[in-house]
Amino acid sequence: MIMADTNKAAVGEKLVEMRDICISFGGVHAVDHVSVDLHAGEVVGLLGHNGAGKSTLIKILSGAYQADSGDILIRGEKATITNPRDARRYKIETIYQTLALADNLDAASNLFLGRELVTSFGLVDDDAMEAETRKIMSKLNPNFKKFNEPVSALSGGQRQSVAIARAVYFDAQILIMDEPTAALGPHETQMVAELIEQLKAQGIGIFLISHDIHDVMKLCDRASVMKNGQLVGTVDVDDVTDDDLLGMIILGKKPGGANA
Ligand SMILES: Nc1ncnc2c1ncn2[C@@H]1O[C@H](COP(=O)(O)OP(=O)(O)OP(=O)(O)O)[C@@H](O)[C@H]1O
Ligand SMILES: [Mg+2]
């Protein structure tokens with residue numbers, strides 16, 4: 001465990017339950033009575049075509065949008081998440097596809113962006129931030145060496161590891177990743193896969209939005225498929241084939257025999 005594990009979740013504990021969530025924009029039911037959940041140490045894939053409602057659902061959890069109706073339970077208790085700060089208080093961190101890194105700053109400055117460490121004189125403590133960054137990277141990604149270069153000089157996978165380090169450093173227990181491997185080559189995708197395995201082993205629960213069925217089959221324990229704002233179903237990935245998932249995405253049809 002990288003951070004103090006004072007209230008680390010037990011593997012299998014239900015971290016998130018989104019119940020009967022609805023949100024409309026004008027006449028569009030972007031999310032229409034959707035229920036999903038997430039356990040500690042689990043990766044749940046969110047699949048569906050463009051416009052299915054995946055990002056909107058997850059933005060309700062991260063506090064970017066507020067649902068018109070429905071409930072969010074965190075560790076079994078009803079949660080009020082009206083903005084991203086609320087979400088952070090529930091230890092929910094989001095890694096958006098754009099990663100939201102400041103290109104001209106180095107890894108440490110990005111890790112602590114907006115939450116800088118300061119000396120007793122109130123000055124930004126670059127040395128302490130670099131030391132902390134080296135410490136966390138030595139565990140997350142030991143091959144990472146570019147501590148003193150702007151993150152614009154990093155590869156996609158290295159940038160992804162900086163974004164993940166930031167979430168983990170601030171003790172995320174519920175991690176939302178929107179298309180983490182979309183722009184990566186095979187080697188870098190493998191690196192992110194290893195990072196995800198590590199986070200799982202620490203008991204972190206991850207919602208992973210992806211268009212890539214192979215990634216979902218490889219990285220996820222369960223997959224929830226959405227279509228036109230509605231939930232087609234949730235399946236254990238071990239119980240389904242790639243074609244089953246495709247059928248759910250394209251036809252909105254659950255495979256016979258798979259559990260709900
Ligand atoms: N702020 C908004 N205002 C109006 N409509 C919106 C807004 N956000 C999302 N929508 C609509 O809600 C629906 C779901 O969009 P969403 O972005 O959640 O889909 P998605 O599954 O994430 O798609 P993609 O795979 O393209 O990212 C779409 O019809 C979209 O146009
Ligand atoms: Mg989206």
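Two residues are counted as being in contact if their C-beta atoms, placed from the backbone, lie within 7 Å. The views below are taken from a predicted model.

**View 1. Helix H5 packs against helix H6.** In the contact between these two helices, Gly156, Gly157, Gln160, Ser161, Ile164 and Val168 of H5 meet Glu188, Met191, Val192, Leu195 and Leu199 of H6. Sorted by kind, the residues of this contact comprise six nonpolar, four polar and one charged. The helix H6 covers residues 186-201, and its axis lies 9 Å from that of H5, with an angle of about 15 degrees between the two. Because angles under 35 degrees count as roughly parallel, H5 is described as roughly parallel to H6. The crossing of H5 and H6 is right-handed.

**View 2. Helix H4 packs against helix H5.** Here H4, which covers residues 126-140, and H5, which covers residues 156-169, pack at an angle of about 110 degrees, and their axes are 10 Å apart. Since angles from 65 to 115 degrees count as roughly perpendicular, H4 and H5 are placed in that class. H4 passes H5 in a right-handed crossing. On the side of H4, the residues that take part are Ile136, Met137 and Leu140, and they meet Ser161, Ile164, Ala165, Val168 and Tyr169 of H5. The residues of this contact divide into seven nonpolar and one polar, with no charged residue.

**View 3. Six strands form an open sheet with mixed pairing.** Read across the sheet, the order of the strands is S6-S7-S8-S3-S9-S10. The edges are formed by S6 (92-95) and S10 (230-236), each of which pairs on one side only. From one strand to the next, the twist averages 20 degrees. Within this sheet, S3 (residues 43-47) and S8 (residues 205-209) pair in the parallel sense over four bridges, and Val44 stands opposite Phe207 in S8. Helix H8, made of residues 242-251, packs on the sheet and touches S3, S9 (222-227) and S10, while its direction makes about 25 degrees with that of S9.

**View 4. Four strands form an open sheet with antiparallel pairing.** The strands of this sheet follow the order S2-S1-S4-S5, and its edge strands are S2 and S5 (77-78), each pairing on one side only. The strand S1, residues 14-25, pairs with S2 in the antiparallel sense over eight bridges, and the bridge partner of Lys14 is His39 in S2. Helix H1 packs on this sheet, where it touches S1, S2 and S4 (69-74), and the direction of H1 makes about 120 degrees with that of S1.

**View 5. A shell of residues lies around ligand 1.** The residues around the ligand are Phe25, Val28, Ala30, Gly48, Asn50, Gly51, Ala52, Gly53, Lys54, Ser55 and Thr56. The element that gives the most to the shell is H1, with three residues. By kind, the residues of the shell around ligand 1 divide into four nonpolar, six polar and one charged.

Definitions and conventions: Residues are numbered from 1 along each chain as its sequence is written. Chains are lettered from A and ligands numbered from 1 in the order in which they are written. This is a predicted model: local features need pLDDT of at least 70, side-chain atom pairs count only at pLDDT 80 or more; totals for chains, interfaces and linings use all residues. A residue is near a molecule or strand if its C-beta atom, placed from the backbone, lies within 6 Å of it. Ala, Val, Leu, Ile, Met, Phe, Trp, Tyr, Cys and Pro count as nonpolar, Asp, Glu, Lys and Arg as charged, and the others, Gly among them, as polar. Axes are lines fitted to C-alpha atoms, for helices over the stretch in contact, and angles run from 0 to 180 degrees between N-to-C directions. Angles under 35 degrees count as roughly parallel, over 145 as roughly antiparallel, 65 to 115 as roughly perpendicular and the rest as oblique. A crossing is left-handed if the near helix is turned anticlockwise from the far one by less than a right angle, and right-handed if clockwise. Two strands pair if DSSP finds at least two bridges between them.
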